[in-house]
Amino acid sequence: MKPEISIIIPARNEEKFIEKTINSILNNNYPKNKYEILVIDSMSSDKTKEIVKKLQKKHKNIFLFENKKKTTPSAFNIGIKKARGKFIAIISGHAELEKNYLKNCLKCINKSNADCVSGLQYSTSNTKLGKAIADIMNSRFGGSEFHYSKKDKYVNTGYMGFYKKAVFHQIGLFDEKFVRSQDAELNYRLASRGGKIFLSSKIKSAYHNRETLRGLFKQFYGYGFYKALVYKRYPQFLTLKQIAPLLLVLTLILRIIIPKLSFLLVAYLVFVIFSSLILSKTIPNFFYSLLILPAMHISYGLGSLIAILTGKIFK
């Protein structure tokens with residue numbers, strides 16, 4: 001009997017979270033014989049594979065595959081090719097699913113007649129700095145719409161898509177040139193060809209976010225770099241929110257030769273302080289936020305600028 005849902009988890013050195021992720025799937029209110037879990041390991045050097053193999057002994061619906069290319073989109077594509085289900089669920093190795101996640105995905109995709117459905121992500125962490133980062137990620141000041149939206153609606157992209165497998169036969173697999181933002185590229189490709197993507201507030205998951213400024217900076221630099229490439233391909237989906245970080249970085253640079261631009265930086269500083277006051281639940285969190293918000297915005301904008309300057313955005 002073929003499973004109805006194929007769940008694909010890309011993993012590389014995820015020993016800290018992979019067991020929690022898989023257990024959150026296994027604890028879903030959905031029959032285990034109706035889904036399969038495909039873990040695509042990108043040559044992990046920690047205990048990720050050992051943890052998955054241990055779980056395999058207890059659960060026959062868990063499968064482990066190797067990804068020699070070591071990138072997220074190549075892991076997704078291996079999983080899609082191996083998948084036997086009618087539906088493909090993309091799940092992060094940092095995520096924990098709410099117990100009705102799979103059931104709600106199925107209900108939503110059938111009711112909305114969408115090609116892909118996605119839900120809300122709640123960022124979480126166990127460290128003080130990580131919790132401050134999570135507070136910002138879960139807000140309008142730092143996170144995407146899928147962090148805070150309270151409306152069920154059709155969108156152009158989403159988090160951890162739940163797709164009809166037929167979608168990949170119609171528009172192709174993930175573009176492996178996009179080491180980051182490959183989900184946005186695929187979703188924009190789908191939307192540009194008339195496909196429907198639906199955001200449901202009933203589809204919920206937690207995400208263990210970065211816990212250091214260095215890790216956050218690296219993550220958002222990658223987002224900015226590859227999102228610039230995505231928007232070069234699909235400019236119709238570009239928004240002011242996506243351009244703002246690039247404008248901030250350009251202002252920081254141009255201020256050297258045009259001192260009058262300093263008033264824009266003062267305005268940004270006021271925005272950061274105001275946002276930090278609103279978001280912070282404690283005094284330490286306020287000071288963390290004063291560092292986190294600029295780190296997110298500047299790294300994203302710098303990534304976009306480098307994509308333009310290196311010429312990659314024009315290829």
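This is a short chat about the predicted model shown above.

Me: What kind of model is this, and what counts in it?

Reply: It's a predicted one: local features need pLDDT of at least 70, side-chain atom pairs count only at pLDDT 80 or more, and totals for chains, interfaces and linings use all residues. Residues are numbered from 1 along each chain as its sequence is written, and side-chain values use heavy atoms, with hydrogens and water left out.

Me: Ok, how many helices and strands are there?

Reply: The protein chain has twelve helices and nine strands. Those are DSSP runs numbered from the N terminus, with helices being H or I of at least four residues and strands being E of at least two.

Me: What about the overall size?

Reply: Along the principal axes, the C-alpha atoms fill a box of roughly 70 × 45 × 40 Å. The radius of gyration is 20 Å, which agrees with the value near 20 Å for a compact globule of 315 residues. That radius is taken over C-alpha atoms, and the globule rule is 2.2 Å times the number of residues to the power 0.38.

Me: How much of the chain is buried?

Reply: Buried residues make up 53% of the 315. Buried means under 20% relative accessible area, exposed means over 50%, and partly exposed is in between (1.4 Å probe, protein chains only).

Me: And what share of contacts comes from residues 24 or more positions apart?

Reply: They account for 79% of the contacts with a separation of 6 or more. Contact here means heavy atoms within 4.5 Å.

Me: Switching to charges, how many positive and negative ones are there?

Reply: There are 51 positive and 20 negative charges, and their mean positions are 3 Å apart. Lys and Arg count as positive and Asp and Glu as negative, while His and the chain ends are not counted. Each charge is placed at NZ of Lys, CZ of Arg, CG of Asp or CD of Glu.

Me: Let's look at β6. Is it mostly covered or uncovered?

Reply: Mostly covered: β6 spans residues 116-124, and seven of its nine residues are buried.

Me: Which way do β6 and β9 run, parallel or antiparallel?

Reply: Parallel, with eight bridges joining β6 to β9 (residues 197-208). Two strands pair if DSSP finds at least two bridges between them. Cys116 sits opposite Ile197 in β9, and Thr124 faces His208 in β9.

Me: What does Cys116 stand opposite in β8?

Reply: That's Tyr163. β6 and β8 (residues 162-164) pair in the antiparallel sense over two bridges.

Me: Which way does β7 pair with β9, parallel or antiparallel?

Reply: Antiparallel, over three bridges, with Tyr154 opposite Phe198 in β9. β5 (residues 95-97) and β9 are antiparallel over three bridges too, and there Leu97 stands opposite Ser205.

Me: Where's Gly195, and what does it touch?

Reply: Gly195 is in the loop between α8 (182-192) and β9. Setting aside neighbours within four places in sequence, Gly195 is in contact with Asp115 and Leu190.

Me: What about the phi of Lys70?

Reply: Lys70 has a positive phi of about 65 degrees although it is not a glycine. The residue lies in the loop between β3 (62-66) and α3 (72-82), and Lys70 counts as partly exposed because its relative accessibility is 44%.

Me: And Met160, buried or exposed?

Reply: Buried, because Met160 has 6% relative accessibility. Met160 also has a positive phi, about 50 degrees, without being a glycine, and is in the loop between β7 (153-155) and β8.
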